[in-house]
Amino acid sequence: MISFSRQYPRWLFPGKDDKDRSKGDLREEGVEYLIDSINPLSWSKALKRAKEFGPSIAIFPWWHVYWAPCFWWFSQRLKSQDVEIVFLCHNVFGHEDAPWKRRLGDLVLRSADRFVVHTVVDERNLRHRFPQRSVTIHPIPVFEEFPEATTRLPRRAKLELLFFGFIRPYKGLEVLLEAINLLKDEDIFLSVVGEFWKGEEDARQFIVDNKIENKVEFEPRYVSDGEAASYFERCDLVVLPYRSATGSAVIPLAYRYGKPVIATRVGGLPDVVEDGVSGTLIDPDSGAMLAEAIRKVLSSECIYSPDAIASYRRRLSWWGLVKSILDAKP
């Protein structure tokens, strides 16, 4: 495995941090950190090292058009050595899409011999754009490597809700806050855990204006795996009120801790949420519908199946993803 010495230049990353500082300067065994995404001289060094392995397959992770120049350069040179090129697409298109981004993305994705994706939506996108290529689906695996909670956080309500991850406009936090306002007389409490990329002041002002400070707490930073475990252990329900999405790593993380989810019917989220069994699916952009879904859980009208969540946890395995990559080889 050849990875990055630097992924992005600092000025391109809108957040404050994206590292688990509790792990120090983490280096995975067997990984060589050679690629500086903005230094083509490092690309030549990494390519030389890659060729020393004598690979038959090269697997490129894809989630943003930023990687187009770097990955196009690598894939063209490896293809000339008769190496099969596989793109593992977390997102075929970025969350902030534009026509020029699609054209640039198509240029590099055209290098692929085949694709592995996480959602039906991305499969459809690729089959439309590259009908001659093989596309295999395997949802994002459950994060079994996340630790058990060692710190028990105190409960504040009968129903503890969790909104987790980087906070970006497409994730619909304001819809969830609207639902909390509609439920302000109910015995619920919401934890918002993750760094804001935009909208923190507006969210805080909404809470003050609607006098729901006693229903919501913010932890506006990138938390360690151990801290994340404590937040997931305490919550009863993980909420994803997304306006748009392809997939989400938050759902398999919720399943890791045996927690059901409320998610919207967008992108690939319905692929991994069985409505009324492992979670609830609702329409996006409806605070009223979200409030009603939460109220049904609070009143025990909706009871999720721990066995169904455990089943998803077994099915969404990392070994399953490996098999999806290797078994699809022509």
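Visitor: Which residues line the second largest pocket here?
Guide: Ile167, Arg168, Pro169, Leu173, Glu174, Leu177, Phe196, Lys198, Gly199, Asp202, Ala203 and Phe206 do. A pocket is an open set of points on a 1 Å grid (1.4 Å probe) with protein on both sides within 12 Å along at least five of seven lines, and lining residues have an atom within 4 Å of a point. This is a predicted model: local features need pLDDT of at least 70, side-chain atom pairs 80 or more, while totals for chains, interfaces and linings use all residues. Numbering starts from 1 along each chain, and side-chain values use heavy atoms, without hydrogens or water.

Visitor: New topic: how many salt bridges?
Guide: The count is 23, taking a Lys or Arg side-chain nitrogen within 4 Å of an Asp or Glu carboxyl oxygen. In one of them, Arg155 pairs with Asp236, with 2.7 Å between the closest N and O atoms. Both sit in loops, so the pair ties together parts 81 residues apart in sequence.

Visitor: What about Glu217 and Arg234?
Guide: Their closest N and O atoms are 3.0 Å apart. Glu217 is in strand S9 and Arg234 in helix H7, 17 residues apart. Arg156 and Glu160 join these two in a network of salt bridges.

Visitor: Is Arg234 buried or exposed?
Guide: Buried, at 6% relative accessible area, whereas Glu217 is partly exposed at 24%. Buried is under 20%, exposed over 50%, partly exposed in between (1.4 Å probe).

Terms used
Helix = DSSP H or I, 4+ residues; strand = E, 2+ residues; numbered from the N terminus.
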